[in-house]
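The account below starts with strand pairing and then turns to packing.

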Amino acid sequence: MSRILITTDYLRPGDEADELLRSHGHTTVHAPRVGRDPERLVTALDGAEAALVGHEPLTAAVLARLPRLRVVVRSGVGHDSVDVAAAGRLGITVSNLPGINANAVAEYTLGLLLAAARGLVRSAAGVAAGGWPREEGRELRGATLGLIGYGAAARAVAPLARAFGMRLLCTTGVPQAERTDPAVRFVGLRELLARADYVSVHTALTDRTRGLLDESAFRRMKPTAVLVNTARGAIVDEGALADAVRTGRIAGAALDVVGDEPLAADSPLRDVAGIVVYSHLAGQTAEARSAAGREGAAEVVAALAGHPRFPVNAHLLRPAPTPGATA
């Protein structure tokens, strides 16, 4: 029997995930508001052999203080909040849930595109303020959508965008054999930025993609272009984006994610006409949450049994040190 810490804020005692873990003889502890403080994380995780986590930063320093921890499962796709290399050195398996919320993210992306094209947020705010704004919008039909990344979410966006009559460009590092959609034209980033009317970010946050969309990127985009980001905030240079929108180098941005969440009071993104920031909702549907809880719990069970289905650091794993052993 293992002690399992659950930090994902929408998972609750007695839900489907909790029952699955307990049915396998494990003990569960819920800490949905453990936060980002390293000391609180260490305290909450002390004695746990597995963790089903949200976005808490499991750094090398935190992981090093948890000798019993064997398994970490992210209840989502991104795993940049976990130092997977350090986990591997410590013998800790890290897993994610690839594609678990792809449909939710895809639908939400189209919602952001529609809201930006038709100025829906601005219209609603105008009515709430006592006005009756009647500015013209734009149709998605005939517009070019540039996808940065070609993972599960981007692939789910493609047919929805085609249904609206959009043309599709994509820049990606996935192998040629996986670029199977004939309606998507694969191009380099520079060409995509220059030709797209809407640029939608769906790539993982890595050392290569951190700050990928910077001042030089915005200078390559059309002055009528809109940026949509449902991936990771740090892929975008937020200061450069604010300046680009404020000065008219691009038309606007719809951001579901930012570098530091929640949005700081002094963020350069605040009070910039044309930039709308949402509260990281792309994957947060009832259906996606249910699937993430169920599959996350199943991955914890599988990993504890030594058979993880979706490990992201299997190539880095070393045998865990024996507590109390000396070199």
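Strand β4 is joined to strand β5 (residues 93-95) by 3 bridges, and the two run parallel; strands count as paired if DSSP finds at least two bridges between them. Helices (H or I, at least four residues) and strands (E, at least two) are DSSP runs numbered from the N terminus. This is a predicted model, in which local features need pLDDT of at least 70 and side-chain atom pairs count only at pLDDT 80 or more, while totals for chains, interfaces and linings use all residues. Residues are numbered from 1 along each chain as its sequence is written, and side-chain values use heavy atoms, with hydrogens and water left out.

Val72 of β4 has Val94 as its bridge partner in β5 and is also the bridge partner of Ala51.

Another set of strands forms an open sheet: 7 of them, with parallel pairing, in the order β8-β7-β6-β9-β10-β11-β12. Its edge strands, β8 (184-186) and β12 (275-277), each pair on one side only. From one strand to the next the twist averages 20°. Within this sheet, 4 bridges join β9 (residues 198-201) to β10 (residues 226-229), and Tyr198 stands opposite Val226.

What does the largest nonpolar core contain? It has 30 residues, and Val199, Leu213, Phe218, Leu227, Leu241 and Ile275 are those with the most contacts inside it. Such a core is a set of buried Ala, Val, Leu, Ile, Met, Phe, Trp, Tyr and Cys residues joined through side-chain atoms within 4.5 Å. The largest share, 5 residues, comes from α10. Leu227 touches, among others, Val199, Leu213, Phe218 and Leu241, contact meaning heavy atoms within 4.5 Å. A second, separate core of 27 residues includes Leu110, Leu140, Leu145 and Ala282.

Helices α1 (residues 16-23) and α11 (residues 286-304) have axes that come within 8 Å and cross at roughly 15°. Axes are lines fitted to C-alpha atoms, for helices over the stretch in contact, and angles run from 0 to 180 degrees between N-to-C directions. The two helices are therefore roughly parallel to each other (under 35 degrees; over 145 is roughly antiparallel, 65 to 115 roughly perpendicular and the rest oblique). Residues of α1 including Leu20 and Leu21 meet residues of α11, among them Gly293 and Ala297.

Technical notes: Buried < 20%, exposed > 50% of the residue type's maximum accessible area, 1.4 Å probe, protein only. Lists of a residue's contacts leave out its neighbours within four places in sequence.
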